[in-house]
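Colleague: I am new to this one. Could you walk me through it while I look at it?
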Amino acid sequence: MIEATGLTKSYGSKTAVYNLNFRVQPGKVTGFLGPNGAGKSTTMRMILGLDAPTNGSVTIGGHQYHQLPNAPRLVGALLDANAKHGGRSARAHLLCLAQLSGIPARRVDEVLDVVGLTQVARKRSKGFSLGMGQRLGIAAALLGDPQVLLFDEPVNGLDPEGIRWVRELMRRLASEGRTVFVSSHLMSEMAQTADHLIVIGRGQLMADLPVRAFIEQNSTGFARVRTPDGDEAGREKLVRALAEAGGQVLAEPEGTLKVTGVELPRISELAHAADVRLWELSPHHASLEEAYMRMTQGAVDYRSSDDQRSGLQAPPQQVPGGWQQPAGPQGGYAPPPLGGYGAPPPAHAAPPHPPHASHQAAAPYRPEDAR
Amino acid sequence: MTTPPPPQHVPQHVPSQQAPPQQAPGQQPFPPQAPPQVPGQRQQEWQGQAPAGGSSLPMVRTHLGHALVSEWTKIRTVRSTVWTLALTVLLTVGIGLIFAAALSTDDYVGMPLLAGGFFGLMFGQLCVISLGVLVITSEYGTGMIRTTLTASPRRSRVLVAKALVFFALSFTVTLASTGLTALIHSSMLSDQTVPAYEYDNPDMEGSIENGEIVATTGHWVDATLGASLYVALLGLLALAVGTLLRHSAGAISTMLGVVLVPLIAALFMAGESLRDLRDALIEYSPLNGLASMFRIPMVGEPGSGWTMLGLLAGVTAAATIAALARLTTTDV
């Protein structure tokens with residue numbers, strides 16, 4: 001079991017990880033989810049004693065990593081597929097790691113077989129593809145037949161067959177009663193592999209819950225509504241009616257409307273009352289990826305923006321897209337707000353906006369602000 | 001992946017097979033294991049989290065011996081080791097051979113019998129220094145250091161093992177090179193007749209017997225054992241500098257500076273006022289220490305090689321302590 005208590009890591013004035021508290025239980029695959037730069041790798045390095053926490057502590061089975069008498073026999077880790085000397089053969093790389101903890105050489109051949117690298121065992125790892133490098137890293141993690149396994153982005157660079165293999169391997173390791181802690185920035189991957197989720201953003205805990213609970217809480221439905229093309233007035237009218245009825249409306253780039261908070265029959269009635277024809281009215285479920293992005297929206301460090309091309313081209317046509325708040329007077333199409341859409345965060349999630357991120361747009365967007 | 005437990009595997013904790021049954025917190029958390037040679041008798045001491053499977057791998061308390069074996073595997077499985085050490089032998093013996101062949105006449109060549117070995121070793125030592133740096137900085141450059149320190153959280157043990165393995169290897173290779181060079185020189189140059197005016201030259205003390213040039217046992221020890229220790233220590237200093245700087249090019253440049261700059265700087269110090277500084281720079285430059293081992297010091301007594309070796313050992317020890325401190329206290 002891995003247990004973090006008040007785990008904090010600062011680099012100068014930048015806080016990479018702030019006051020993390022979590023437990024990773026044995027017998028489960030625990031997904032460690034967060035956007036790039038959220039502090040996943042830093043946390044993993046602190047678990048493995050590579051980085052010293054600024055504050056708090058993290059233990060494995062009640063002991064700090066450096067106190068373990070034979071760490072690789074108890075904890076296996078894949079941190080970075082490139083963390084090896086490229087001039088050394090796969091077998092020599094594993095052999096020197098095995099010798100460091102008194103693991104017999106026959107185990108090296110076993111794990112090479114497990115990850116399917118036996119044929120290239122004597123080739124220098126410099127020529128390995130990213131996927132082969134991942135396999136070698138996983139082999140190193142499995143060397144000591146450890147009870148606790150940490151994988152940092154293990155499916156990076158793997159082909160679909162390799163991804164399925166990693167997924168099955170992690171599930172099998174967990175079913176043998178081991179503690180499996182896997183980081184990823186892909187919700188969809190974790191939904192298929194993990195039993196439990198720990199979500200962090202900007203170094204803070206955002207959620208710590210079973211995958212099933214996450215799915216139930218976040219796959220709320222919405223309705224997609226399409227009004228006749230070119231009928232801008234009718235669309236405006238419908239948006240206003242829906243807003244007055246307490247619905248939240250998002251204008252999608254394709255010209256459709258995404259409506260939450262109003263049941264499908266009620267939408268139909270409202271449209272009829274407003275004398276607006278509908279070309280489409282369909283029920284949908286939000287994907288887990290969307291739910292996850294909503295959760296971490298305020299916590300993304302690196303956000304891309306549209307390429308304005310500095311006037312090199314004709315300005316792109318303004319794509320309508322924005323929120324219509326229930327109280328909103330009219331269909332103000334404005335850029336989507338941050339953290340304003342959809343179901344509230346899970347009750348036991350930490351506040352989604354860390355103190356050092358307060359400059360981020362935290363409050364739901366209100367059209368009045370745009371004036 | 002996990003094999004089923006062998007029949008004799010006992011999943012429960014059996015105190016009679018374990019030395020200390022329970023320890024106070026803060027002490028060593030895991031009792032030493034039963035003899036590791038008996039697979040299956042291993043006790044799972046993992047907070048009662050022993051899995052259904054269990055493992056037949058031995059569970060040993062790791063020690064320096066494991067790290068030494070591992071570092072030996074590491075150093076012999078990369079090409080940079082082969083290249084640098086082959087070049088060390090080639091430069092030391094090759095230049096020594098050319099030197100001896102060029103001077104191989106009955107005429108006096110103007111220096112002690114084994115002194116010519118210095119010129120080859122002067123270049124050979126640069127390869128040993130490069131290897132010393134690369135042994136540690138290649139781990140930082142590739143990220144291997146994180147894998148290594150994950151597998152061995154006792155960081156000082158890793159550095160000590162690296163230092164011992166590298167020192168032993170580079171000393172052995174340098175000793176073979178200097179030994180071979182000394183044999184070549186004594187066989188090809190021992191026919192010289194020393195002119196009478198050299199009899200009072202302090203540098204030639206002990207080198208002249210019945211008007212012929214000879215090498216005493218002390219000369220042999222200095223030119224082989226002493227010179228090899230000196231070069232291996234320089235390599236060890238390079239390893240410490242590499243650990244401190246964590247960067248191949250930076251550390252190699254620094255070491256080249258340490259070896260060459262004092263002499264080069266002294267070259268340009270003209271004038272009486274700078275004379276003392278100039279002499280001190282030359283006397284304490286690493287190259288002068290090595291030259292003293294071959295009894296051709298630029299400044300100072302011909303027998304001062306071992307004093308310089310002691311000085312170098314002190315500097316190396318200090319740098320190694322600093323390297324240990326940096327390795328054990330900073331993030332990687």
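This is a predicted model: local features need pLDDT of at least 70, side-chain atom pairs count only at pLDDT 80 or more; totals for chains, interfaces and linings use all residues.

Colleague: How many bridges do β1(A) and β4 of chain A pair over, and in which sense?

Modeller: There are five bridges, and the pairing of β1(A) with β4 (residues 55-60) of chain A is antiparallel. Further along, Thr5(A) is found opposite Ser57(A) in β4(A).

Colleague: What joins β1 to β2 in chain A?

Modeller: Seven bridges join β1 (residues 2-11) to β2 (residues 14-24) of chain A, and these strands run antiparallel. Within this pair, Ser10(A) faces Thr15(A) of β2(A). The two strands make a hairpin with two residues between them. In that turn, Gly12(A) has a positive phi of about 60 degrees.

Colleague: What is the order of the strands in the sheet?

Modeller: The order is β2-β1-β4 in chain A, an open sheet of three strands with antiparallel pairing. Both β2 and β4 of chain A have a single partner strand, so one side of each has no neighbour in the sheet. From one strand to the next, the twist averages 20 degrees.

Colleague: Which helix packs on the sheet?

Modeller: That is α1 (residues 40-47) of chain A, which touches β1, β2 and β4 of chain A. The direction of α1 makes about 115 degrees with that of β1(A).

Colleague: Let us change topic to chain B. Why is helix α9 of chain B largely enclosed by the rest of the structure?

Modeller: Helix α9(B) spans residues 286-293, and seven of its eight residues are buried, so the rest of the structure largely encloses this helix. Among the buried residues are Pro286(B), Leu290(B) and Met293(B).

Colleague: And what do the buried residues pack against?

Modeller: The buried residues of α9(B) pack against several helices of chain B, including α3 (117-142), α6 (217-245) and α10 (305-329). After α9(B) comes Arg295(B), with a positive phi near 65 degrees.

Colleague: How many residues of each chain are in contact with the other?

Modeller: The contact involves 49 residues of chain A and 40 residues of chain B. On the chain A side, the elements that give two or more residues are α2 (71-74), α3 (90-100), α4 (105-114) and α5 (130-142).

Colleague: Which of them gives the most?

Modeller: α3(A) does, with six residues. By type, the chain A side that touches chain B has 22 nonpolar, 18 polar and nine charged residues.

Notes
Residues are numbered from 1 along each chain as its sequence is written. Chains are lettered from A and ligands numbered from 1 in the order in which they are written. Two strands pair if DSSP finds at least two bridges between them. Helices (H or I, at least four residues) and strands (E, at least two) are DSSP runs, numbered from the N terminus. Axes are lines fitted to C-alpha atoms, for helices over the stretch in contact, and angles run from 0 to 180 degrees between N-to-C directions. Two residues are in contact if their C-beta atoms, placed from the backbone, lie within 7 Å. A residue is buried if 20 or more other C-beta atoms lie within 10 Å of its own, exposed if 12 or fewer, and partly exposed in between; C-beta atoms are placed from the backbone. Ala, Val, Leu, Ile, Met, Phe, Trp, Tyr, Cys and Pro count as nonpolar, Asp, Glu, Lys and Arg as charged, and the others, Gly among them, as polar.
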